[in-house]
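This briefing covers selected features of one structure. Please consult the sequence and the three-dimensional view below while reading.

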Amino acid sequence: MELLSNLALGLSTAAAPENIFYCFIGVLLGTLVGVLPGLGPTATTAMLLPITFVLPPTPALIMLAGIYYGAQYGGSTTAILINLPGESSSAVTSIDGYQMARQGRAGQALAAAAIGSFFAGTVATFVIALAAPPLTDIALEFGPPEYFSLVVLGLVCSVALAHGSVLKAIAMIVLGLMLGLVGTDIYTGTPRFTLDQLELADGINFVAVAAGVFGIAEIFRNMEDEHKREGVIAKVVSLWPTKEDWKRMIAPILRGTALGSALGVLPGGGAILASFAAYTIEKKVSRNPQEFGRGAIEGVAAPESANNAGAQTSFIPMLTLGIPANPVMALMIGAMIIQGIVPGPNVAREQPELFWGIIASMWLGNLMLIILNLPLIGIWVRLLQVPYHALFPAIIAFASIGVYSVNSNPFDLYSIALFGTLGWLLLKLDCEPAPLLLGFVLGPLLEEHLRRAMIISRGDPTIFINFSQRPISAVLLTLSAIALVAVLLPTVAKKRQEVFVEED
Amino acid sequence: MTANRKDLICGLVFVVIGLLFAVGTRDLDLGTATRMGPGYFPLVLAGLLVVTGLIIAARSFGQPDVEFGGIPWRAMLLIIPATIFFGYAVRGVGLLPAIFIVALAASFASRKMTVPLAFALSAVLAVFCSLVFVTGLGLPIPLFGPWVRFW
């Protein structure tokens with residue numbers, strides 16, 4: 001019954017007029033920006049982050065969460081209507097979604113995505129409410145070795161779930177970790193890698209890295225070849241799914257939700273893997289697999305449910321452990337720190353209104369989204385008609401102001417330029433940016449806990465794997481080792497490629 | 001003997017970055033495993049990056065080559081200076097002119113941009129951003145800075 005009283009507390013917080021208003025503004029802005037082609041949830045959240053700085057913590061985080069799932073939603077609309085997914089998690093949706101749209105069934109595809117997402121969001125909210133308290137209790141017992149091992153497991157997972165080369169993902173993580181160490185060493189106060197620039201004493205601005213790698217780099221990518229990208233926007237005739245559609249949607253939505261809720265918790269790319277895996281499973285169990293790729297509604301409903309459920313449950317490690325599962329969660333952690341909240345298990349204990357308010361607001365936000373997206377779809381379609389060359393100057397302007405407003409530090413703008421270029425180069429070399437961002441956020445944490453643990457153990461590295469003394473740490477590291485060996489095994493590597501190749 | 005150009009370049013990029021970081025730890029105290037100094041962990045990471053980079057580069061040999069593709073010179077030459085200019089000048093010229101200039105310069109990154117559209121777009125963006133961020137959200141940036149304020 002504690003669950004119900006917690007949810008009641010959350011709902012009363014989330015339903016306060018101020019919070020409901022900012023939740024609405026968040027999902028609205030998120031959809032608005034997310035629907036623009038070429039802008040995924042990470043770039044959207046990074047750009048809109050500064051708007052929340054003027055708010056008190058609870059509405060700020062509620063709004064930020066709204067921006068995230070709003071952007072996710074907007075991305076699916078783009079994927080279905082013009083076959084241009086904003087971020088990889090909606091890439092699968094565009095396979096069958098765009099085919100449906102070409103057959104004049106765009107409305108049904110959008111409805112399937114919306115209904116699936118809403119159902120998944122509702123279930124995932126309960127999953128968070130159920131899973132968060134016990135995890136928080138465990139996390140309160142964590143010492144430096146446990147945290148170190150947990151971060152290692154997180155990083156290994158994000159390698160395993162990144163699509164593309166495992167080695168490149170490892171290199172991206174290590175690069176991210178090192179970039180995260182730039183700044184003043186917390187133990188000795190020694191400046192590290194600051195090139196004698198005072199502006200770098202606090203480290204590289206995370207928002208600048210995110211906006212550069214996900215925003216500017218993407219613009220460079222699109223400017224490589226401008227002739228290719230004229231998509232035809234599908235018309236939305238009727239929204240209502242037929243009886244047949246409903247019948248075919250229900251089971252995929254249920255399976256997608258279950259898969260997404262479970263995989264979303266994993267760091268790295270839980271939501272991406274979930275949508276790919278959901279699609280693969282539907283294709284396997286379907287009685288008419290030949291329809292996949294030609295406009296099967298299951299191929300929209302399942303991955304969209306999975307990806308929305310995963311997006312929700314990715315809040316679990318962030319809220320309970322203070323560890324981000326994806327780059328957007330890393331931005332949320334950044335926002336918490338700016339608001340003066342230390343992310344981690346203490347948030348639930350010390351600020352239950354904030355904690356449960358965010359969780360309850362997700363369900364409200366999902367409800368608003370279904371209203372915003374289905375009846376108002378005409379507005380979003382019109383927005384899609386804005387040509388890209390009229391759009392990207394706005395992205396650059398917003399990114400510039402957004403990054404500048406974090407610290408009013410001119411240096412951060414130089415960082416955007418640098419990371420935009422570096423990000424473009426790495427994208428070009430088939431390196432995924434998400435692991436770099438996770439490494440960047442987790443670098444300082446990893447080093448701090450490693451150093452503390454080594455001091456506690458008086459230099460004995462077995463502290464991390466000594467099962468009798470530190471069982472949790474030992475289990476976490478064993479899991480990491482198994483995961484790492486597994487992705488490097490040739491047979492698993494092949495299977496892994498198959499799951500991610502579905503895109504073509 | 002062919003090599004996958006992308007993987008080869010990728011590996012070398014990581015090796016170079018790793019080496020640069022390793023050089024950066026030169027003046028930092030390494031400490032011991034028990035009491036790690038500020039240089040310990042970064043040096044370990046730099047070594048790891050160099051090794052990973054070398055493996056990526058080594059494995060590129062014997063693979064079929066792939067096209068590197070185009071480089072968006074025009075976009076880079078306009079957008080990179082535009083953002084740097086914004087950082088350098090926003091306090092001096094103020095938000096409104098800074099956004100106008102950034103948007104105007106960036107606009108021409110696209111070959112499809114026309115001059116009238118670029119000016120119109122930049123003006124709209126400058127006014128919109130000023131209203132939202134300064135008037136609405138109260139960001140502490142002047143609309144017109146000391147460099148351009150002659151009144």
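In which helix is the place of A:Met47? A:Met47 belongs to helix 3 of chain A, which spans residues 41–48. The model is a predicted one. The points below treat this residue, then a pocket, then a surface patch.

- The space in the second largest pocket amounts to about 1400 Å³.
- Its lining comprises 50 residues, and those nearest the pocket centre are A:Ile333, A:Ile337, A:Val441, A:Pro444 and A:Leu445.
- Several elements of chain A each supply at least two lining residues, including helix 6 (106–140), helix 9 (206–224), helix 14 (327–338) and strand 1 (183–184).
- Helix 20 of chain A makes the greatest contribution to the lining of this pocket, with eight residues.

**A nonpolar surface patch**
- A:Phe467, A:Val475, A:Leu479 and A:Ile482 together form a nonpolar surface patch of about 390 Å².
- One of these residues, A:Val475, lies in helix 21 of chain A, residues 471–488.
- A:Val475 is classed as partly exposed because its relative accessibility is 38%, between the limits of 20% and 50%.

Definitions and conventions:
Residues numbered from 1 in each chain as written. Chains lettered and ligands numbered in written order. Predicted model: local features only at pLDDT ≥ 70, side-chain atom pairs only at ≥ 80, totals over all residues. Heavy atoms only, no water. Patch = residues over 30% accessible without salt bridge, like charges linked within 9 Å, V, L, I, M, F, W, Y side chains within 5 Å. Areas by Shrake-Rupley, 256 points an atom, 1.4 Å probe, with all protein chains shown as cover. Salt bridge = Lys/Arg side-chain N within 4 Å of Asp/Glu carboxyl O. Helix = DSSP H or I, 4+ residues; strand = E, 2+ residues; numbered from the N terminus. Buried < 20%, exposed > 50% of the residue type's maximum accessible area, 1.4 Å probe, protein only. 1 Å grid on protein atoms, 1.4 Å probe; cavity = no way out; pocket = protein on both sides within 12 Å on 5 of 7 lines; lining within 4 Å. Points joined across faces, edges and corners; volume = space filled by probe spheres on them.
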